[in-house]
Amino acid sequence: MLKYIFKRILVMIPTLFVTSVLIFTVINLPEGDYFETMVAEMQAQGEKADMSRVEFLKKEYGFDKPPAERYFWWVTGLLRGDMGYSFEYQLPVRDIVGDRLLLTMVVSFFTIIFTWIVAFPIGIYSATHQYSWGDYGLTFIGMLGLAIPHFLLALIFLYFANIWFGTSIGGLVDPQYLNQPMSWAKFKSVLEHLWIPVIIIGAGGTAGMIRKLRANLLDELQKQYYVTARAKGLPPGKALRKYPLRMALNFFISDIGDILPSVVSGAEIVAIVLSLQTTGPLLIRALQSQDMYLAGSFLMFLSFLTVIGVLISDIALAILDPRIRLQGTATK
């Protein structure tokens, strides 16, 4: 196992290197840069831009240098823990992301918990009661969760939450708590607003997870080891928990690689519709304005979380399922 982990860590290094090159290239593909975009926006609003200051900033942050040199300084800064400077917010990237990271992780964490709590019992019931009325009804609800776009569901919840519960869902806290330190009153306001984005963001993931768990569990229930266990008189619940359910959880473990970056990035479109103070809208705005250091450093952080999540899921799968071999050698 230690040899396998060491090899996987070695593979992570070229993976992150190639990812950094792709991120830097894609961000710099559009013509111009942040400063040219800023000048164009100021001229469109009838304002006069200080071109001498623009040229000074370009030289200060290396935009007059070749792309390869700019890439080198960006990557070496990341290795030192320096995520760069955001031109639009005029703050270090670390300070900007840090302000929104906590709220993003809270929303994503509760969304994951909600998804698992709802998907597990429904998926198990649908698999063990195949083709029953309950199976058909829950499957239909799951299909609705997959079919309805999140942003449309967010708009519906915006209306009915205000009409039925008198809750203003714009943001994660009431307006009077914006930019205020955390307190008990602010925490209660967060909890009051939290359930709406959790249900909306978790709807699609819950529906998809129900279908996956149902399909995997049905496949395991038809295998000989389960049929033999039932024929020997093992109670249905114990027979289900001991082997089929354990084997059907493989895809839950393999999804860790996607869960870690999603905890940080959040649901971008839903966050925009609901005016959530999370990192998703921040990333979209940075890409639109070509704020290179903010967008690039944040994307590299998500890539790092992805490769770490994949490593954790691979190790967990090897522990959970003894049928998974760490080496690709043939067996007799």
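**Salt bridges, core and aromatic pairs in a predicted model**

Lys-223 is partly exposed, at 27% relative accessibility. The model is predicted. Asp-219 forms a salt bridge with Lys-223, with the closest N and O atoms 3.8 Å apart. Glu-220 forms a salt bridge with Lys-223 as well, and here the closest N and O atoms are 3.2 Å apart. Asp-219 is partly exposed, because its relative accessible area of 43% falls between the 20% and 50% limits. Glu-220 counts as buried, because its 6% relative accessibility is under 20%.

The structure holds four salt bridges. One of them joins Asp-314 to Arg-8, with the closest N and O atoms 2.1 Å apart. This pair links distant parts of the chain. Asp-314 lies in helix H16 and Arg-8 in helix H1, 306 residues apart.

The protein has 16 helices and two strands. Of its 332 residues, 40% count as buried. The accessible surface comes to about 19,100 Å². Carbon and sulfur atoms account for 67% of that surface.

The average pLDDT is 78, and 87% of the residues score at least 70. Among the elements, helix H1 (residues 2–28) has the highest mean pLDDT, at 85. Helix H13 (residues 256–265) has the lowest, at 65.

The largest nonpolar core contains 26 residues. Phe-35, Trp-74 and Tyr-293 touch the most other members. Seven helices each supply at least two residues: H1, H2 (34–44), H3 (51–60), H4 (67–79), H5, H15 (279–288) and H16 (292–320). The largest share, seven residues, comes from H16.

Phe-24 lies in helix H1 and Tyr-71 in helix H4, so the pair ties together parts that are 47 residues apart in sequence. Both residues are buried. Ring pairs extend the arrangement to Trp-74, giving a cluster of Phe-24, Tyr-71 and Trp-74.

Ser-126 provides a polar counterpart within helix H5 (residues 93–128). Ser-126 is buried, because its relative accessible area of 1% is under the 20% limit. Leaving aside neighbours within four places in sequence, Ser-126 is in contact with Asp-135, Leu-138 and Arg-214.

Conventions: Residues numbered from 1 in each chain as written. Predicted model: local features only at pLDDT ≥ 70, side-chain atom pairs only at ≥ 80, totals over all residues. Heavy atoms only, no water. Helix = DSSP H or I, 4+ residues; strand = E, 2+ residues; numbered from the N terminus. Buried < 20%, exposed > 50% of the residue type's maximum accessible area, 1.4 Å probe, protein only. Contact = heavy atoms within 4.5 Å. pLDDT = per-residue confidence, 0-100. Core = buried A, V, L, I, M, F, W, Y, C linked by side-chain atoms within 4.5 Å. Salt bridge = Lys/Arg side-chain N within 4 Å of Asp/Glu carboxyl O. Areas by Shrake-Rupley, 256 points an atom, 1.4 Å probe, with all protein chains shown as cover. Phe/Tyr/Trp six-rings, centres within 6.5 Å; stacked < 30°, edge-to-face > 60°.
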